[in-house]
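Please consider the sequence and the three-dimensional structure shown below. The explanation that follows goes through selected parts of the chain in turn.

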Amino acid sequence: MTNFGTLAVHAGAEPDRTTGAVIQPISLSTTFAQNAPASPVGDYEYSRSSNPNRDSFEQALAALEQARFALAYSSGSAATANVLQSLAQDRHVVSIGDVYGGTHRYFTKVANSHGVQVTFSNSIEEDIEGLITPATRLVWIESPSNPTLSITDIAKVAAIVAKVRASRKEAIHLVVDNTFLSPYVQNPLTLGADLVVHSVTKYINGHSDVVMGVAATNDEQLHERLRFLQNAIGAVPSAFDCWLAHRGLKTLHLRAKAASNNAQVLAELLESKIGAEVIAVAYPGLKSHPRRAVVERQHRNGLGGGMISFRISGGAKAASKFCSTTKIFTLAESLGGIESLCEVPAVMTHAGIPQDKREASGVYDDLIRLSVGIEDTEDLIADVLQALQAASAN
């Protein structure tokens with residue numbers, strides 16, 4: 001099996017060996033019988049350490065990210081925390097500046113409690129060599145970034161990290177948060193990344209009914225370290241959540257493609273309104289995107305994904321009005337579900353970042369983030385147009 005859709009449906013989903021069930025049963029047991037001390041009846045001892053449903057989901061996700069290993073967590077933030085906990089005290093991280101607000105919060109208010117310092121850069125491709133110190137152990141990027149959809153050349157950054165790693169004894173790893181695109185649109189490990197993380201809550205699950213995270217890698221030593229911490233820290237998903245997420249994963253290719261197609265149409269529509277109701281539009285699928293050539297190399301078929309951000313004329317008041325007026329787009333945090341959502345990052349997902357740092361990364365009070373779902377395109381167009389009209393009349 002080499003094609004994505006076939007892998008999505010079948011990876012980690014062999015028929016049940018006992019009953020022949022095509023869909024895996026949910027294993028809710030927390031503990032598993034043993035024939036003798038330290039001699040389990042089957043492959044499992046205790047569900048925090050491993051569980052049939054978690055194993056199946058991890059196998060499927062690894063296949064789709066072209067990874068040897070994957071580890072599931074109780075949330076995307078738990079995956080981030082697990083990666084940062086793998087660092088020794090007094091280590092250093094280089095991160096893009098335009099990073100998810102929850103990640104920024106962890107970097108600045110939690111990781112520093114055990115001596116891990118983070119340096120942020122809004123031009124990481126140019127700055128990285130000068131920012132890496134002897135204490136640096138991670139380089140952390142999102143591409144596209146959340147919420148301004150800036151694109152980083154993953155292969156370029158990976159080459160720099162690999163050069164540094166080759167020159168010293170201790171490892172330095174490149175981590176890519178791939179949440180905004182999903183494994184269908186982009187596979188960072190094939191571009192040289194060492195670790196890819198996701199909020200499974202978003203595109204991978206795709207139905208806004210599971211909170212989960214995952215990390216995937218081809219590095220056996222890194223996997224063993226993270227697997228130890230996964231068990232020791234215990235921020236693991238339930239068997240039922242793993243079952244639901246695995247079910248969602250089976251249609252990822254269909255959902256991600258439909259969302260991307262809808263987003264492309266809406267981004268072009270918004271771009272046509274620049275100078276009137278709209279100040280600027282950021283969407284990787286647009287020909288006008290400043291890193292479109294990188295997008296063509298990194299994304300499947302050059303797809304832009306399902307996320308759009310744009311600055312609306314009229315400031316914060318107009319942004320609030322737009323998001324309060326939409327009829328199909330629901331005003332809510334999160335993204336990547338089958339339904340369309342809208343939000344104002346400055347007062348929602350990124351409210352915890354100081355204003356000067358937000359604006360340095362392009363997160364202004366008039367910025368709106370759209371998570372485009374899989375509804376009929378014509379209905380989404382009509383909703384955006386009427387909301388723009390309402391906001392401009394305010």
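**Strands, helices and loops**

Strand 8 (residues 195–199) and strand 9 pair in the antiparallel sense over five bridges, where two strands count as paired if DSSP finds at least two bridges between them. The model is a predicted one, in which local features need pLDDT of at least 70 and side-chain atom pairs count only at pLDDT 80 or more, while totals for chains, interfaces and linings use all residues. Residues are numbered from 1 along each chain as its sequence is written, and side-chain values use heavy atoms, with hydrogens and water left out. Helices (H or I, at least four residues) and strands (E, at least two) are DSSP runs, numbered from the N terminus.

Within the pairing of strand 8 and strand 9, Val-197 has Ala-215 of strand 9 as its bridge partner. Strand 9 also pairs with strand 3 (residues 69–73), again in the antiparallel sense and over five bridges; here Tyr-73 has Gly-213 as its bridge partner. Strands of a sheet pair through backbone hydrogen bonds, either parallel or antiparallel.

Strand 9 (residues 213–217) is mostly covered, five of its five residues being buried. Buried means under 20% relative accessible area, exposed over 50%, and partly exposed in between (1.4 Å probe, protein chains only). In a regular strand the side chains alternate between the two faces of the sheet. In strand 9, Gly-213, Ala-215 and Thr-217 point one way and Val-214 and Ala-216 the other way, and all are buried.

A further sheet is open and consists of five strands in the order 10-11-14-13-12, with mixed pairing. Strand 10 (278–282) and strand 12 (330–331) stand at its edges with a single partner strand each, so one side of each is left without a neighbour in the sheet. Helix 10 (residues 252–272) packs on this sheet and touches strand 10, strand 11 and strand 14; its direction makes about 15° with that of strand 11. Contact means heavy atoms within 4.5 Å. Strand 11 (residues 307–312) and strand 14 (residues 367–371) are paired in the antiparallel sense over five bridges, and Ile-308 stands opposite Leu-370 in strand 14.

Asp-366 is placed in the loop between helix 13 (355–360) and strand 14. With a relative accessibility of 8%, Asp-366 counts as buried. Leaving aside residues up to four places away in sequence, Asp-366 touches Ile-279, Phe-310, Arg-311, Ile-312, Gly-315, Ala-316 and Ala-319.

Attention now turns to helix 12. The buried residues of helix 12 are Ala-318, Ala-319, Phe-322, Cys-323 and Thr-325, and their cover includes strand 11, strand 12, strand 13 (341–343), strand 14 and helix 14. An α-helix has 3.6 residues a turn, so residues three or four places apart point the same way.

Helix 12 (residues 315–325) and helix 14 (residues 377–392) pack at an angle of about 140°, with their axes 8 Å apart. Axes are lines fitted to C-alpha atoms, for helices over the stretch in contact, and angles run from 0 to 180 degrees between N-to-C directions. Helix 12 and helix 14 are therefore oblique to each other; angles under 35 degrees count as roughly parallel, over 145 as roughly antiparallel, 65 to 115 as roughly perpendicular and the rest as oblique. In this contact, Ala-318, Lys-321, Phe-322 and Thr-325 of helix 12 meet Val-384, Gln-386, Ala-387, Leu-388, Ala-390 and Ala-391 of helix 14.

Helix 9 (residues 239–249) has as its buried residues Ala-239, Cys-242, Leu-244, Ala-245, His-246, Gly-248 and Leu-249. The cover of these residues includes helix 1 (4–10), helix 2 (52–64) and helix 10.

Some backbone details remain. Most residues other than glycine have a negative phi, and most peptide bonds are trans. A cis peptide bond joins Ser-143 and Pro-144, with omega about 0°, and the bond from Asn-146 to Pro-147 is also cis, with omega near 15°. Pro-144 lies in the loop between strand 6 (136–142) and helix 6 (154–166), and Pro-147 lies in the loop between strand 6 and helix 6.

Asp-90, in the loop between helix 3 (76–85) and strand 4 (92–96), has a positive phi near 65°. Asp-90 counts as exposed at 51% relative accessibility. Asn-301 has a positive phi near 55° and is found in the loop between helix 11 (292–298) and strand 11. With a relative accessible area of 70%, Asn-301 is exposed.
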